[in-house]
Amino acid sequence: MFWHGKSQPFHFSFPSILSFMYTIRVTMTSMLVLPFWTLRNLYLIWMYGLDSYSLLCLYMVETIRDLIWSNMQIQRRLAQNREAARKSRLRKKAYVQQLESSRLKLMQLEQELERARQQGIYIGGGLDSNHLGFAGSVNSGITTFEMEYGHWVNEQNRQITELRNALNAHIGDVELRILVDGMMSHYAEMFRMKSAAAKADVFYVMSGMWKTTAERFFLWIGGFRPSELLKVLGPLIEPLTEQQRLDIYNLGQSCQQAEDALSQGMDKLRQTLADSVAAGQFMEGTYIPQMTSAMDKLKALVSFVNQADHLRQETLQQMSRILTIRQAARCLLALGEYFQRLRALSSLWSNRPREPA
């Protein structure tokens, strides 16, 4: 033994010297690879007289323990890094797919826009001010609206089919409300599109050039007349309670009053425009300031279109509040099928056999 207690003297034998040197080496190595508390424990054990073999065994045990703990930490970090890398790859893949989808949609819109320009779907300006013929300038706002409206009709047809199947399958009210809210949001998107198109060319929206011929027959300030539509849809959503019939009747009366007010405003604006145009004089290739005043009055047409669409949207929302969720679904289904039949009627009329002139 190198040390056997404080009362015994040192014995400088060769094994004791080797044990002391080995202890020094183990201690110096521990300073690099072991924590402070391990150094302290080794020092205390050495002070109480363990031989070099026992000290080596203790060192090996604690070294193995520390290696196992370190390896567990490394494995944990590697697992965390692998998980982070996997999530990063998934995010990158989703981002690339989103970019590719956006690129395809953009290419499709560009192709449709180019076809619209080649076919002359909409030529802004009507007759040129200098010569007869088309002006040749394409109104990008209207062209965009026509493409968006085509997609809107396709989506409406899909929603109508989905709603019809849901009603036939007698699904729950929760699932049915999701479909109803989706169709209401779809109509709100249409009113937003029309507002943007009216800013681009209000006469285009007012004339209903974006609708079929049968739909234009019932046109009122760029869309359907809410009071007339209530009369059409009323019998299709029976049975109703007495309170519901009373609420729908009052809603129809309110719509009629609002429609009359807007129609009177349109008539007044039409008369004002006619007076302004009639008072204008053509001088040296241009018109005097009366025509500028007429141009300013035309901007009020955009407001009339927006107010009429607001009335239509409010009518749909009020109907959804009056009816139960299943009645509201039947009402929206009847409304969608009504416009589908009008479009089908226009198609049949356009393709009817014609007698030779």
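**Helix α12 and its surroundings: a briefing**

Helices α8 and α12 are roughly perpendicular to each other, since their axes cross at roughly 110 degrees. This is a predicted model. Helix α12 also packs with α5 and has a contact with α4.

**α8 with α12**

- Helix α8 covers residues 226-233, and its axis comes within 11 Å of the axis of α12.
- From α8, the residues L229, V232 and L233 take part in the contact, and α12 brings C331, A334, L335, Y338 and F339.
- By class, the contact of α8 with α12 has eight nonpolar residues, no polar ones and no charged ones.

**α5 with α12**

- Helix α5 spans residues 173-200 and helix α12 spans residues 325-350.
- The axes of α5 and α12 lie 9 Å apart, at an angle of about 40 degrees.
- The crossing in which α5 passes α12 is left-handed.
- On the α5 side, the residues in contact are D173, L176, R177, V180, M183, M184 and Y187. On the α12 side, they are I325, R326, A328, A329, L332, L335, G336 and F339.
- Sorted by class, the contact of α5 with α12 consists of eleven nonpolar, one polar and three charged residues.

**α4 with α12**

- The axes of α4 and α12 cross at roughly 135 degrees and come within 10 Å.
- Helix α4 is therefore oblique to α12.
- As a crossing, α4 with α12 is left-handed.
- Helix α4 contributes Y149, V153, Q156, N157, I160, L163, R164 and L167 to the contact. Helix α12 contributes R326, A329, R330, L332, L333, G336, E337, Q340 and R343.
- The contact of α4 with α12 divides into eight nonpolar, four polar and five charged residues.

**Cavities**

- Rolling a probe the size of a water molecule over the atoms shows where empty space is left.
- Four cavities of 30 Å³ or more are found when the whole structure is searched.
- The largest cavity holds about 150 Å³ of space.
- The largest cavity is lined by 17 residues, and those closest to its centre are W152, M190, K211, F224 and F339.
- Two or more residues of this lining come from each of α4 (140-169), α5, α11 (300-322) and α12.
- Helix α5 gives the most to the lining of the largest cavity, four residues.
- The lining of the largest cavity is made up of eight nonpolar, three polar and six charged residues.

**The largest pocket**

- The largest pocket contains about 240 Å³ of space.
- Its lining consists of S227, L230, K231, G234, E238, L240, R245, I248, Y249, G252, Q253 and Q256.
- Helices α8 and α9 (242-279) each supply at least two of the lining residues.
- Helix α9 provides the largest share of the lining of the largest pocket, six residues.
- The lining of the largest pocket has four nonpolar, five polar and three charged residues.

**Backbone features in loops**

- Most residues other than glycine have a negative phi, and most peptide bonds are trans.
- E238 and P239 are joined by a cis peptide bond, with omega at about 5 degrees.
- P239 sits in the loop between α8 and α9, and E238 is one of the residues that line the largest pocket.
- H170 is not a glycine, yet its phi is positive, at about 55 degrees.
- H170 is located in the loop between α4 and α5.

Technical notes: Residues are numbered from 1 along each chain as its sequence is written. This is a predicted model: local features need pLDDT of at least 70, side-chain atom pairs count only at pLDDT 80 or more; totals for chains, interfaces and linings use all residues. Side-chain values use heavy atoms; hydrogens and water are left out. Axes are lines fitted to C-alpha atoms, for helices over the stretch in contact, and angles run from 0 to 180 degrees between N-to-C directions. A crossing is left-handed if the near helix is turned anticlockwise from the far one by less than a right angle, and right-handed if clockwise. Contact means heavy atoms within 4.5 Å. Ala, Val, Leu, Ile, Met, Phe, Trp, Tyr, Cys and Pro count as nonpolar, Asp, Glu, Lys and Arg as charged, and the others, Gly among them, as polar. On a 1 Å grid over the protein atoms alone, a cavity is a set of points where a 1.4 Å probe fits but cannot get out, and a pocket is an open set with protein on both sides within 12 Å along at least five of seven lines; lining residues have an atom within 4 Å of a point. Grid points are joined across faces, edges and corners, and a volume is the space filled by probe spheres set on the points. Angles under 35 degrees count as roughly parallel, over 145 as roughly antiparallel, 65 to 115 as roughly perpendicular and the rest as oblique.
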